[in-house]
Amino acid sequence: MKTEHYDLIAIGAGSAARDGANKASKEHGAKVALIEHERWGGSCPNVACSPTKAYLVAADLAHDINTLANKLGIEVGPATTNLAKVKARKETLKKPQPKWVEDLQAAGFDTYEGTASFVDPHTIRVGDAEFTADKILIATGSRTAVPPIEGIEEIDWLDHVTALELEELPESLLVVGAGAVGLEFGQTFSRFGSKVTIVDPLDEIAPHTDRHAALELHEALVDEGIQIILGSFVRKVAARDGTSVATIVPREGGMEHEIEFDRLLLASGRSPNIEELNLEAAGVETYKLGIVVDDRMRTNVSGIWAAGDVNGRALFTPVAQYEARIAVEDMYRAGEGPTADYSVLPTAIFTDPELAGVGLTQMEAEEQGFEAETVVHLFKHQRRATFTDAKHGLFKIIFDRQSRRVLGLHVVAPGASDVVQGFSISIRLGVTVDDLAMAHHVFPTIGEGVKAAAEQALIGVPA
């Protein structure tokens, strides 16, 4: 049996694993091994962030041609989507798997393909080989959670991975889940030409965002013809007369009804990839969302850290990288490195319009005891919106009444992610709503909506 010792073993090859390995190697001269059993590079560049956004761009272009071109004086025929060509274009944007391995090895890492499992807290088995390490970073990510729907095992369901492999457009698509993945894919396939229905047991879409902003996006999606059924479960699915049928049941009780669909997309949550790690052999503690860690990504076992989706804290690629760097700092500066802070975390849902936010929602601010005030400016009142006759969008600022400090910013608009990204630093530095109101701005832009909202908070100044 092959055995080898490393300073650091990273289980996984996604954003967290690679960032952690890179930092340990470059800053601390660590000898590092990366172990991957499915996809080198991880989900983000292969099947998540990058390829899905390539589909969004294609869908937005088709939509703009069909809804805006004639209005703006551009003479073109109706846009139709060739899904096989969209997929082929997406494939050209991806780095081939052998190239991932070549680049990682060129960076000085040893790479091993296979399923990693713990033998003890400092020993990992991969096939017939065993590797030991002083430090181990678990960064195995997550996968689509399969909800308890009766008959789901009989359905060839899709998720964000397999939906990107389709070459023929479904006539109808039933999306289970109204979070970021469900909304982005739902709108994408609707704009491609599928009849889309989105079902979620909660009372509003995008549950982790500000409710006011979520309602604004909800209205925009419904106006496009997407059916959204909230407060309801998909209880069962079944094949019937050459099609598939879903039984929809209201969460609070009431009449159930059926919806026919061509394909089913699961987007109702994530499950951590921990089952094959044999964590029991190392004594690593887990919970429903993944591996239990502290604010330095330490597990309960000395010498083992966990970063990214697998710890269930905040399932975003930049957060995975951030957590991995914190973990490596702790590995080499025990107790002296930074601790994780998620209080000013910009996030976005890349629909059209985008929904982006940073800081507290209005509900969170009130629950935390702030005397929260809000100001809202509608995007349709901006000059930039008139160029495309935009109907939906808003800029919402939440601030503390006494200190005037901005607690949260929530934007529904084209390019909202870029707007929020820019203001996230100012919020971290304690910007007040008056600072935003008195700041200079560029005209005509989308981002000036933040200033327009802030101006409404100025004492003695008409809104």
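Modeller: In this predicted model, the helices α3 (49–69) and α7 (211–223) each give at least two residues to the lining of the second largest pocket, and α3 makes the largest contribution, with eight residues. Helices (H or I, at least four residues) and strands (E, at least two) are DSSP runs numbered from the N terminus. A pocket is an open set of points on a 1 Å grid over the protein atoms alone, with protein on both sides within 12 Å along at least five of seven lines, whereas a cavity is a set where a 1.4 Å probe fits but cannot get out, and lining residues have an atom within 4 Å of a point.

The second largest pocket holds about 940 Å³ of space, a volume being the space filled by probe spheres set on points that are joined across faces, edges and corners. There are 29 residues in the lining of this pocket, and those closest to its centre are His 63, Asp 64, Arg 191, Asp 352 and Pro 414. When the lining of the second largest pocket is sorted by class, 11 residues are nonpolar, six are polar and 12 are charged; here Ala, Val, Leu, Ile, Met, Phe, Trp, Tyr, Cys and Pro count as nonpolar, Asp, Glu, Lys and Arg as charged, and the others, Gly among them, as polar.

One of the residues closest to the centre of the pocket, Asp 352, also deserves a look along the backbone, for the peptide bond that leads from Asp 352 to Pro 353 is cis, with omega near 0°. Most peptide bonds, by contrast, are trans. Pro 353 sits in the loop that runs between β19 (347–349) and β20 (354–359). A cis peptide bond is also found from Phe 443 to Pro 444, with omega near -5°, and Pro 444 belongs to the loop between α12 (433–438) and α13 (448–455).

The largest cavity has a volume of about 40 Å³, and its lining is made up of Thr 52, Tyr 55, Leu 56, Glu 184, Phe 185 and Thr 188, which divide into three nonpolar, two polar and one charged.

Around the second largest cavity lie Lys 236, Val 237, Ala 238, Arg 240, Val 245, Thr 247 and Glu 258, with β11 and β12 as the elements that give two or more residues to the lining. The strand β11 gives the most, namely four residues, and by class the lining of the second largest cavity has three nonpolar, one polar and three charged residues. Between β11 (232–240) and β12 (243–250) runs a loop that holds Asp 241, a residue other than glycine whose phi is positive, near 50°. Most residues other than glycine have a negative phi.

Residues are numbered from 1 along each chain as its sequence is written, and side-chain values use heavy atoms, with hydrogens and water left out. Local features need pLDDT of at least 70, and side-chain atom pairs count only at pLDDT 80 or more, while totals for chains, interfaces and linings use all residues.
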